[in-house]
Amino acid sequence: MTSSLSRKTFLRATAAAAATALIRPTAAQAAAPTADATPTAMPLALTNAWDKTFPKSPRVEHRKVVFKSRYGIALAGDLYLPRDRGSRALAAIVVSGAFGAVKEQSSGLYAQTMAERGYATLAFDPSYTGESGGEPRNVASPDINTEDLSAAVDFLGLQPFVDRERLGAIGICGWGGITLNAVAADKRIKAVVASTMYDMSRLMSKGYNDSVTAEQRTRTLEQLGRQRWEDAENGRPAYGPVSLELKGGEPEFVVEYAEYYKSRQRGFHPRAVNSHGAWTLTTPLSFMNAPLMSHIAEISPRPILFVHGEKAHSRYFSETAFAAAAQPKELLIVPGANHVDLYDQFDKIPFAAMAAFFDQHLKDRA
């Protein structure tokens, strides 16, 4: 593991390049959006083929589902149920993330694996992405995405095979922070896991390791304001270049993202923004003044498990969120793991520890 000083030095040195690669627009992007990165509107039509980035488990029943958010947006999900569930109502877990991913990637893998361990689980595509509805395409919002998570809880809690008093949530990467924000307000969720988490509001407003100065923040907001004028004049949003198309010289963790999202042998999926698309250039606006961790202490007395890789560039997000959270809370650092290892590496993702956590806190009250 790198020392605290060297990790901070590394993060400061790579913050600008990494933020560009992930989400925050640059002047060059705003001036010349890539035409072929502009997504088109799509109807809410679900594929029936198994098109996940992981193999289908024979121990789990899989169903495609649709449900609506409080804002009226139709959301597409994958419901996973243990085949040997019997007749007793099950504890259930909503799974979301990573930011810019789809349910066919990490969230689906987590959901299917937890269903193998006896839970009803639901992985879903956030509003405006994947197979879910909403226009324009490929835009994110801390408010709307927080609502997406609670809408998934609505859906699970209405199922006759689910015990709505035993509901949990897992948020992966950027959806770690969004999920914690949802759980703070949504008292129906009794236990939560944040895996390899990002706080997207903190990242977009302050940069990596909080390195953005007040002057830089002002310039970013001015740039985003100019982009709004262009979008308003054109009657449609502009999009950046296709995500994670490396040019050389990127920080190692950006290369790791590309190795996951762009590899057809690993995590590539054509509907994922991070694999084959681009965010609207003004997506950061709604995150700039909406800190997701403001009410994290209000999750207590419900428990939180933070899981992060020892070598992850993003580890400080979990460490500072853990410090801000109230008891009961746990922080599990996975030896030798980087950020994306916790997307799909079975030898690194501590599924047994997550299952034990939920087994303890979502006990059968019957």
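**Rings and strands: a short tour**

Lys329 lies over the face of Phe322, at 4.6 Å from the ring centre. This is a predicted model.

Visitor: Which strands stand at the edges of the open sheet of eight strands?
Guide: Happy to start there! The strand order is S1-S2-S4-S3-S5-S6-S7-S8, with mixed pairing. Two strands have a single partner each, so one side of each is left without a neighbour in the sheet. Those edge strands are S1 (60–68) and S8 (329–334).

Visitor: Which residue stands opposite Val307?
Guide: Let's look at strand S7, residues 304–309, which pairs with S8 in the parallel sense over six bridges. Within S8, the residue opposite Val307 is Leu332.

Visitor: What angle does helix H13 make with S6?
Guide: Helix H13 covers residues 351–361 and lies across S3, S5, S6, S7 and S8. Relative to S6, its direction runs at about 165°.

Visitor: Are the rings of Tyr260 and Tyr261 stacked or edge-to-face?
Guide: Good one to check by geometry! Their centres are 4.8 Å apart, and their planes stand at 85°. Planes over 60 degrees apart fall in one class, so this pair is edge-to-face.

Visitor: How many residues apart are Tyr261 and Tyr343?
Guide: These two form an aromatic pair, 5.8 Å centre to centre with 65° between the planes. Tyr261 is buried, with a relative accessible area of 1%, and Tyr343 is buried at 0%. The pair links helix H8 (residues 252–261) with helix H12 (residues 341–344), distant parts of the chain, and the separation is 82 residues.

Notes. Residues numbered from 1 in each chain as written. Predicted model: local features only at pLDDT ≥ 70, side-chain atom pairs only at ≥ 80, totals over all residues. Heavy atoms only, no water. Pairing = 2+ DSSP bridges. Helix = DSSP H or I, 4+ residues; strand = E, 2+ residues; numbered from the N terminus. Contact = heavy atoms within 4.5 Å. Axes fitted to C-alpha atoms, helices over the stretch in contact; angles between N-to-C directions. Phe/Tyr/Trp six-rings, centres within 6.5 Å; stacked < 30°, edge-to-face > 60°. Buried < 20%, exposed > 50% of the residue type's maximum accessible area, 1.4 Å probe, protein only. Lys NZ or Arg CZ within 6 Å of the ring centre and 35° of its normal.
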